[in-house]
Amino acid sequence: MKNLTKGAVAVTALTVAQKVAKRVLAGDDGPSRGDGKDRWHAATVNLPPERVSDDGSAPPPLRDMAGIEVRMQKAPADKGTEIYVRSTGADVADVRRALREAKSLLETGDVLLPAGPPTTEPTPLNTPIRTATAHGREEGRL
Amino acid sequence: MKAATWEGVNEVGVREVPDPQIRNAGDIIVKVARTVTCGSDLHLIGGYVPFMEKGDVLGHEFVGEVVEVGAGVTRHRVGDRVVVSSFIACGNCWYCRNELYSCCDNTNTNPAVLEDLWGFAPGGCFGYSHALGGNAGSHAQYIRVPFADVGAFTIPDEVSYDRALFASDSVSTGWTGADLGGVKGGDVVAVWGAGAVGQMAARAATLLGAEKVVVIDRLENRLAMTEKHVGVDVLDYEKVNIGDALLEYTGGRGPDVCIEAVGMEAHTNGPQHVYDQVKQQLRLQTDRPIAVREAIYNCRKGGSVFVLGVFAGFVDKFPLGAIMNKGLTVRGAQMHAPRYLSMIMERMARGEIVTEYLATHVMPLDDAPHGYDIFKNKEDNCVRAVFLPNG
């Protein structure tokens, strides 16, 4: 029970720290970040623009996605190509996932799958972690 | 297969888990020959990195034999003896191309957690919580290694598993601290922590040309081991005042490079330790930065401080004034093993880096709970406990 309590306290502490970090370190004491639908989500791919798209169209899986707007531009110096995606109706979680996957596909030809089969089991303590990691590429600051 | 797993805060178990499978074309499956405890595992076990699930396989420092290769693997074949970087890197993102492999953009399958906590997420790591990808660890009979062409290196015939094992993390981490800390010929270097990583940072500093290297700890066996096997000077902070001793050691200048290899559960004598311990236990700070404070305080003006120990969150009484006013360069990193592993293997083959002595306790995987117990409590002069998952 002592360890269970310690674990619960640790989870709570880091969760609070995470929220504090989001607000304080990110300078988010001002306006709320909102739901992400009113901004461009951006990732930089470590390839020159001509290797990201030879005809200016969005790379997969963004290419086949409805409800988004995509623009691309060369990044400064040797940093590759900036891809910007904005939702015009698509779920922001799907936008984030698709953008991360597009970057990975372009850079590595693949999207890394989680380890498997799973070795873990659900417990009351790890429910928040399991929920968060089930959507690991769909959330975050991207 | 059999694996050593996280079962809850301060609980390590051994249980049957499913065998790993090839999931991506760049994967290999490695039959683990040696896998070793690391001080950073203790942060997971103690609940300081609370992103673990019951049943997670621990371990990230290992060697073994390739038993299966994915369709996209070109550098490895079944039967190869390999040492594997504990951090997973894709090899093609901007960070990997700039040899900052642990910062890889594409290998953490759960980037959201650490993006929120730290601003951006580092790459994935074996056996190091779901915040770093939830990859099953190496304390098992078999392990899946993604992007194997980048992170797995063939062990030369002249190098034994026993020696190569510590290249997976300890030597690579030590080398990262000395190299990126900017150690160069003629430097005086101080290293806080005489564990395996601290010892290897000291060795790396010597090989990079440092004229004098001193390692600071309080455990007599580790200090004696450092003197004997690494061949550098040592200071026992329970016997001398470290500030005074470093002034004397450096002609009053302070060390040129200070490498902190202790991490978030640092210890010291006196009220500072009590203060940090209480704040950490009350979760008013997540980490105890005692050695970092000392490194910053004692570093010479214009010197370099490298934070090599593992930290997770936030600390109190961080001496920002000293950093600014002394003009220090402060840098930190997880280790970028693929940057160094080929060189480390060559040096190991030549006998310039020797590590076998770090394995103070070798035991079957079934004894992993005991191994972690003596490692955590530093019983029986344990420096590292090595497990043999396949006998």
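Ser129(B) lies in the loop between helix 3 (111–118) and strand 7 (142–145) of chain B. Helices here are DSSP runs of H or I with at least four residues, strands are runs of E with at least two, and both are numbered from the N terminus. This is a predicted model, in which local features need pLDDT of at least 70, side-chain atom pairs count only at pLDDT 80 or more, and totals for chains, interfaces and linings use all residues. Residues are numbered from 1 along each chain as its sequence is written, chains are lettered from A and ligands numbered from 1 in the order in which they are written, and side-chain values use heavy atoms, with hydrogens and water left out.

Although Ser129(B) is not a glycine, its phi is positive, at about 85°. Ser129(B) is buried, with a relative accessible area of 4%. Buried means under 20% relative accessible area, exposed means over 50%, and partly exposed is in between, with a 1.4 Å probe and protein chains only.

Asp380(B) is not a glycine either, and has a positive phi of about 55°. Asp380(B) sits in the loop between helix 14 (368–376) and strand 16 (385–388) of chain B. Its relative accessible area is 62%, so Asp380(B) is exposed.

| Cis peptide bond | Omega |
|---|---|
| Pro60(A) and Pro61(A) | about 0° |
| Gly116(A) and Pro117(A) | about -5° |

Pro61(A) is found in the loop between helix 2 (49–52) and strand 2 (68–74) of chain A. Pro117(A) belongs to the loop between helix 3 (92–108) and helix 4 (127–133) of that chain.

Chain B as a whole contains 14 helices and 16 strands. Its C-alpha atoms fill a box of roughly 60 × 45 × 45 Å along the principal axes. For 391 residues, a compact globule would have a radius of gyration near 21 Å, and the 20 Å of chain B agrees with this. That radius is taken over C-alpha atoms, and the globule rule is 2.2 Å times the number of residues to the power 0.38.

Of the 391 residues in chain B, 63% are buried. Among contacts in chain B with a separation of 6 or more, 72% are between residues 24 or more positions apart; contact means heavy atoms within 4.5 Å.

Chain B exposes about 13,600 Å², and carbon and sulfur atoms supply 50% of this area. Accessible areas come from the Shrake-Rupley method with a 1.4 Å probe, and for residues only the protein chains shown count as cover.
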